[in-house]
Amino acid sequence: MTVISLTSIPSRFQYLPQIVNNLLEQEGSPTVYVCIPDRYNRFPDVEVVPPVFNSDRVKVLRGRDYGPATKFIATALVVPDDEKIVYVDDDTDYPRCLARILSIFSSGVWGLSGFTFSEYFSGNICRANKEVDVIEGYGGVCIQAKIIKNNLEKILEILELTYNDDMALSNVLHFLGVPIRTVVSSVCNLSMVRQYPYGFEKDALHFNNGEGSHMENNKRILKTFSDKNVNYFICRNAG
């Protein structure tokens, strides 16, 4: 079975019902888990009142705030081990076949967007069916619940060093030896993903990763991993 999972922040709750309605149109009619922390680490004084969803296929999960990683951790802890979780962003519309396409594959972790460090640092990312170093959540990612559940302690250890969930999870997947791959098809690819303007407002996490560019921030994350002796990317010459 495959489920869809996402998290959000209070400033985006007004948009969440429409995003969830779009996800309910995914092929196969999967259950959609909406993971809303009881209290946000970033917004400790905000009273958290999740939207109401008018579908019995929507499950609202309340609990601990794991940052952006809430979108896969919270759901992994409540579904069966073999369940496939397709986690997505709350500011993005996806092809209706996303969950079906990403869940076709029997092993590894799959998504529409990712990169190898050699391409990334050269500024020439090739979108193709291939193995990558980092899988990017904004393109949708499919992972088995047991990978998260059985390695939660390690994931949380890495998340203590960065709230960049793409870098943290990908680092752990390298530690585990789990293949990470991107998929490109004529019916499901990154060009079909549409991000809404509110994803670029000042509370977006990609504007809160520290001073500098996306690349400079990722270099800092890699250095932190290396300094703490937890850089499992080095097997692929990440630096």
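Predicted model: local features only at pLDDT ≥ 70, side-chain atom pairs only at ≥ 80, totals over all residues.
**Helix packing around α7**

The crossing of α6 and α7 is right-handed.

The contact between them draws on K154, I155, I158 and L159 from α6, and on A168, L169, N171, V172 and F175 from α7. Sorted by class, the residues in the contact of α6 with α7 are seven nonpolar, one polar and one charged.

Now the geometry. Two packed helices are described by the angle between their axes and by the distance between those axes. For α6, residues 152–159, and α7, residues 165–176, the angle is about 135 degrees and the axes are 9 Å apart. Angles over 145 degrees count as roughly antiparallel and 65 to 115 as roughly perpendicular, so α6 is oblique to α7.

On to the second pair. Helix α8 covers residues 214–227, and α7 packs with α8 at an angle of about 40 degrees, the axes being 11 Å apart. Roughly parallel would need an angle under 35 degrees, so α7 is oblique to α8 as well. The crossing of α7 with α8 is right-handed.

Which residues of α7 meet α8? They are M167, A168 and N171, and on the α8 side the partners are N218, I221, L222 and F225. This contact of α7 with α8 has five nonpolar residues, two polar ones and no charged ones.

One last point, on α7 itself.

Technical notes: Residues numbered from 1 in each chain as written. Heavy atoms only, no water. Axes fitted to C-alpha atoms, helices over the stretch in contact; angles between N-to-C directions. Helix = DSSP H or I, 4+ residues; strand = E, 2+ residues; numbered from the N terminus. Left-handed = near helix turned anticlockwise from the far one by under 90°. Contact = heavy atoms within 4.5 Å. Nonpolar A, V, L, I, M, F, W, Y, C, P; charged D, E, K, R; others polar.
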